[in-house]
Amino acid sequence: MEKVCIIDGSPYFYRAFFGSPDDPVMGLTAMVNSALEYHQPDRTVIALDAGRETFRNQIYAHYKGNRPATLLAFSALLPNLKAVLAGVGESYELRGYEADDIIGTLCKILDSSQCVILSRDKDLMQLVNDRV
């Protein structure tokens, strides 16, 4: 059975930015390399948020409305952080959807694979089963 590692990119970006302020790109590289070395996947897929606006905002206008604006320094670094993840696997982002929507879809599509999800999002616990 193929082992697929699915990385929720956004939390890793924030963790690298705030946890490794001197060199967030190197911090992200170290975190991802460590995780991949530990899990030894056959394939790696990265799920990314494509922006703040999702279909959930159409349902509830105040969805995540209490979150502060994105720091300009963080926004400026995003292309470099995305480049790090692009070097380790396939990357998916879709306007109007969050990374966790993509992760859930991937787990469904990859139904003949063992999926390892790397994320701090507790909502993804609902995907856990004998294969995920």
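The chain has 132 residues, and its five helices and four strands follow the pattern β-α-α-β-α-α-β-α-β along the sequence.

**Confidence and overall picture**
- The mean pLDDT of the chain is 84, and 84% of the residues score at least 70.
- Among the elements, strand S4 has the highest mean pLDDT, 95, while helix H3 (residues 55–59) has the lowest, 62.
- Where pLDDT is low, predicted coordinates should not be read in detail.
- Buried residues account for 37% of the chain.
- Of the contacts with a separation of 6 or more, 77% join residues 24 or more positions apart.

**The nonpolar cores**
- The largest nonpolar core has 19 residues, and the members that touch the most others are Ile 7, Phe 13, Leu 28, Val 32, Leu 85 and Leu 118.
- Two or more residues of this core come from each of strand S1 (3–8), helix H1 (9–19), helix H2 (24–39), helix H4 (72–86) and strand S4 (114–118).
- H4 gives the largest share, with five residues.
- A second, separate core holds 13 residues, among them Ile 103, Leu 106, Leu 110 and Leu 124.
- Val 32 makes contact with Ile 7, Tyr 12, Leu 85 and Val 88, once its neighbours within four places in sequence are left aside.
- As a general point, nonpolar side chains tend to be buried together in soluble globular proteins.

**Helix H4**
- Phe 74, Leu 77, Leu 81, Val 84 and Leu 85 are the buried residues to look for in H4.
- The buried residues of H4 pack against H1, H2 and strand S2 (43–47).
- The end C-alpha atoms of H4 lie 22 Å apart, which agrees with the 21 Å that its 15 residues should span at 1.5 Å a residue.

**Helix H1**
- The buried set in H1 consists of Gly 9, Ser 10, Tyr 12, Phe 13, Ala 16 and Phe 17.
- Viewed down the helix axis, the buried residues of H1 fall within an arc of 165 degrees, so they line one face of the helix.
- Phe 18 and Gly 19 are exposed, on the face of H1 turned away from its buried side.
- The packing partners of the buried H1 residues are S1, H2, S2, H4 and S4.

- Thr 44 sits in strand S2, and it counts as buried because its relative accessibility is 9%, where buried means under 20%.
- Not counting residues up to four places away in sequence, Thr 44 touches Cys 5, Ile 7, Leu 36, Val 88, Gly 89 and Glu 90.
- Tyr 97 is in the loop between strand S3 (90–92) and helix H5 (99–109).
- With a relative accessible area of 36%, Tyr 97 is partly exposed.
- Tyr 97 and Leu 48 are 49 residues apart along the chain, and their C-alpha atoms are separated by 9.1 Å.

Key: Residues are numbered from 1 along each chain as its sequence is written. This is a predicted model: local features need pLDDT of at least 70, side-chain atom pairs count only at pLDDT 80 or more; totals for chains, interfaces and linings use all residues. Side-chain values use heavy atoms; hydrogens and water are left out. A nonpolar core is a set of buried Ala, Val, Leu, Ile, Met, Phe, Trp, Tyr and Cys residues joined through side-chain atoms within 4.5 Å. Buried means under 20% relative accessible area, exposed over 50%, partly exposed in between (1.4 Å probe, protein chains only). Contact means heavy atoms within 4.5 Å. The expected span of a helix is 1.5 Å times one less than its number of residues. pLDDT is the predictor's confidence in each residue, from 0 to 100. The arc is that of the directions from the helix axis to the C-beta atoms.
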